[in-house]
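Student: I have a new model open and would like to talk it through with you. Could we take it in short questions and answers?

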Amino acid sequence: MRSAARKRASRPAAVLLAGLVPVFASAVLAIYRPPAFARIDDSVYDALLRGAPTRPPSPRVAIVDVDEASLTSVGQWPWPRPVMGRLIVRLREMGASVVALDIIFAESDRFGVESAGDSRTARRPPDEILADTLRGGGVVLGYGLTFDERRRVRTPCVLHPVSLAVIDSGEKADAAPFFRATGAICSLPVLADAARASGFLNAAPDADGILRRVPLVAELGDRVYPSLAIAAVSAATGITDLALHVSTVNAARITLDDRAVPVDGKSNLLLRYRGEKRTFPYLSAGDVLDGHVPADAVRGRIVFVGTTALGTREVVATPLDTLFAGVEVQATVADNLLQGDFISRSPAGSVFEALAVLAVGSALSALVAFGGIVAGALGAAILLLGAWWAAGELLGGHGVFVSPLAPSLGLVSALAAMTFVRARIERGRAESAGRQRTDAQRLMVQTLLSLTETRDAETGRHSRRTQQYARLLAEQLASHAEFRDYLTPERIDLLSSLAPLHDIGKVGIPDHILNKPGALTPEELVEMRKHPVLGRDVILRAEQQVGVRDDATLALAKDIVYTHHERWDGAGYPQGLRETQIPIAGRLMAIVDVYDAVVSRTLYQASMSHEDAVKFIVGRRGTHFDPAVVDAFERVAPEFAALAHDAAAAEPGPRARA
């Protein structure tokens with residue numbers, strides 16, 4: 001009993017342990033973040049970002065777009081430099097705070113020398129005309145950094161570095177806290193020198209092709225350079241003091257005077273997109289040149305000039321859109337810097353996620369271990385919804401990304417593991433109960449057989465022999481389409497174990513009839529034929545006394561006991577059933593009973609040979625016996641002969657009537 005109690009006590013412990021193992025594994029994943037886990041985490045971030053509320057775009061940012069309409073009104077791209085100069089002048093006149101060009105003038109103007117309409121400037125190079133415009137101030141040029149270690153080409157670029165103080169927390173790192181470029185693709189020196197401000201345009205997507213973050217500063221040579229958005233915001237707001245505060249190898253912050261911008265270990269800013277493409281106000285460059293745009297559309301704003309016309313545009317995929325213009329990426333960075341509502345991942349975020357996994361996973365494990373799978377599934381659903389809701393609230397309301405991936409993975413894997421273990425335990429319990437039930441059935445059969453043997457030893461031995469015959473015939477009959485569904489392996493086992501009970505009713509037959517050495521009189525035969533009814537009544541009384549109803553085992557036992565003397569032609573007893581009215585178990589036992597009876601030497605008749613017994617049974621095909629069962633018997637007759645021989649060798653001497 002103490003052993004059973006220990007087993008019961010160990011079941012919740014086993015389920016609890018099964019839940020805690022994947023919980024701890026998920027906590028480890030949250031901290032060490034292998035590449036596959038990180039990729040899934042990025043998708044989780046995208047989903048939260050799409051669902052999180054955000055502010056409208058800053059009213060201090062606008063985009064002037066060289067679109068299809070602009071090309072139609074002005075001409076093919078690239079436009080002559082004087083045309084670009086007129087566009088910049090027009091934006092200045094309209095009150096733009098800064099004009100940031102998401103355009104690189106890497107080659108001289110393809111249109112050559114153009115007259116400026118003034119004798120003093122007649123036939124000046126177009127690049128110089130644009131340079132004069134740039135010297136008016138308020139313009140930031142864009143350029144691209146290159147990162148090819150195999151091709152370090154020194155180009156005659158005029159770039160504008162920033163003075164960036166790097167303040168390290170003291171944690172040692174092998175890599176610099178920003179990207180290190182090997183070269184640059186830039187505008188002509190005459191233009192870059194005239195602009196006096198510039199920034200890089202680089203914004204590389206992650207490995208899955210989604211742009212989630214952009215670098216704010218990068219290193220080239222021994223100098224640090226700003227992105228186009230940083231340079232534009234600095235020019236518009238007068239920022240002079242830049243510093244990079246390194247917290248860990250994965251987290252830092254850039255301060256722009258009094259603005260603190262959270263970045264990762266490579267000075268990347270997680271972009272807080274304001275919506276799908278064209279969220280910012282777009283103004284057609286052609287309309288600006290033609291004076292069709294009111295001045296207040298750009299007054300006081302940082303204006304990013306870029307191209308979206310087919311064949312000239314650069315688009316990237318973002319968590320919110322698959323065709324997001326590159327110029328709008330720069331506008332989004334500037335917007336984030338101006339509004340100051342950044343998205344960050346805390347340096348301790350991985351640790352917090354791991355602790356969250358342990359907390360919710362342990363709670364779920366305890367709930368399933370002691371409350372069951374249904375309670376655990378409900379608890380897991382609540383905890384999952386809570387984790388995702390909390391992550392969405394933190395991202396949308398506070399700009400902090402805490403991933404619900406690890407807690408979700410821990411909850412789902414823990415629930416799956418515990419469900420599996422609990423199912424195995426329940427299956428073990430069911431198998432144990434089944435074994436106990438089988439043992440109980442065997443005990444019942446053996447008890448009844450012992451009772452029969454006490455009453456009549458030969459009847460008991462006859463009953464035991466039929467067990468092997470019944471299994472052999474049932475297994476062969478199971479291949480027949482008509483019997484396949486009924487004679488399952490489980491039912492064959494049960495049938496063979498119950499077969500010895502078929503003559504249990506003979507315990508109620510008087511000795512002078514049961515052991516009579518000669519033929520029975522008609523009156524005695526009537527008494528003998530009562531044994532199927534007597535056997536059935538024994539089982540019925542047992543059912544009533546125990547209170548058992550609709551038990552499959554007892555139902556099969558009653559079929560065997562009550563119908564094994566019925567005949568296919570309806571001439572049997574005790575009911576006179578015919579053909580398929582007779583239960584399958586009764587039809588099968590009829591042949592088994594007769595075969596053992598005729599091949600066994602009894603007190604009142606000599607035994608038949610196996611061959612004669614087979615002829616005897618086959619000759620009664622369709623009258624006494626079911627034809628299909630007789631056919632199955634013929635196929636296994638050699639095995640019957642072997643069993644009969646073994647039984648005869650083991651049990652010498654005359655036998656009683658069957």
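This is a predicted model: local features need pLDDT of at least 70, side-chain atom pairs count only at pLDDT 80 or more; totals for chains, interfaces and linings use all residues.

Student: What percentage of the 658 residues is buried?

Tutor: Buried means under 20% relative accessible area, exposed over 50%, and partly exposed in between, using a 1.4 Å probe and protein chains only. Among the 658 residues, the buried share is 48%.

Student: Which residues have the most contacts inside the largest nonpolar core?

Tutor: A nonpolar core is a set of buried Ala, Val, Leu, Ile, Met, Phe, Trp, Tyr and Cys residues joined through side-chain atoms within 4.5 Å. The largest one has 79 residues. A second, separate core of 46 residues includes Leu477, Val561, Ile591 and Ala628. Back in the largest core, the residues with the most contacts are Val261 and Phe304.

Student: How many aromatic pairs are there?

Tutor: Rings of Phe, Tyr and Trp (its six-membered ring) pair if their centres lie within 6.5 Å; planes under 30 degrees apart count as stacked, over 60 as edge-to-face and the rest as tilted. By that rule the count is nine.

Student: Why is the pair of Tyr469 and Tyr595 described by its geometry as it is, and what is the class?

Tutor: The ring centres of Tyr469 and Tyr595 are 5.3 Å apart and the planes stand at 80°, so the class follows from the angle. The pair links distant parts of the chain, with Tyr469 in helix 13 (residues 457-477) and Tyr595 in helix 19 (residues 584-599), 126 residues apart. Tyr469 is buried at 2% relative accessibility, and Tyr595 is buried at 0%. The class is edge-to-face.

Student: Which residues do ring pairs link into a cluster with Tyr595?

Tutor: Tyr595 also pairs edge-to-face with Phe640, at 5.1 Å centre to centre and 80° between the planes. That pair joins helix 19 to helix 22 (residues 637-650), across 45 residues. Along with Tyr595, the cluster holds Tyr469, Phe633 and Phe640.

Student: Which ring does the charged end of Arg491 sit over?

Tutor: A charge sits over a ring if NZ of Lys or CZ of Arg is within 6 Å of the ring centre and within 35 degrees of the ring normal. Arg278 lies over the face of Tyr282, 4.0 Å from the ring centre. For Arg491, the distance to the ring centre is 4.3 Å, and the ring is that of Tyr486.

Student: Is Leu310 buried or exposed?

Tutor: Leu310 lies in the loop between strand 16 (302-307) and strand 17 (315-316). Its C-alpha atom is 7.1 Å from that of Glu68, 242 residues away along the chain. With a relative accessibility of 65%, Leu310 counts as exposed.

Student: What is the relative accessible area of Gly508?

Tutor: Gly508 is in the loop between helix 14 (489-498) and helix 15 (511-514). Gly508 is partly exposed, and the value is 45%.

Conventions:
Residues are numbered from 1 along each chain as its sequence is written. Side-chain values use heavy atoms; hydrogens and water are left out. Helices (H or I, at least four residues) and strands (E, at least two) are DSSP runs, numbered from the N terminus.
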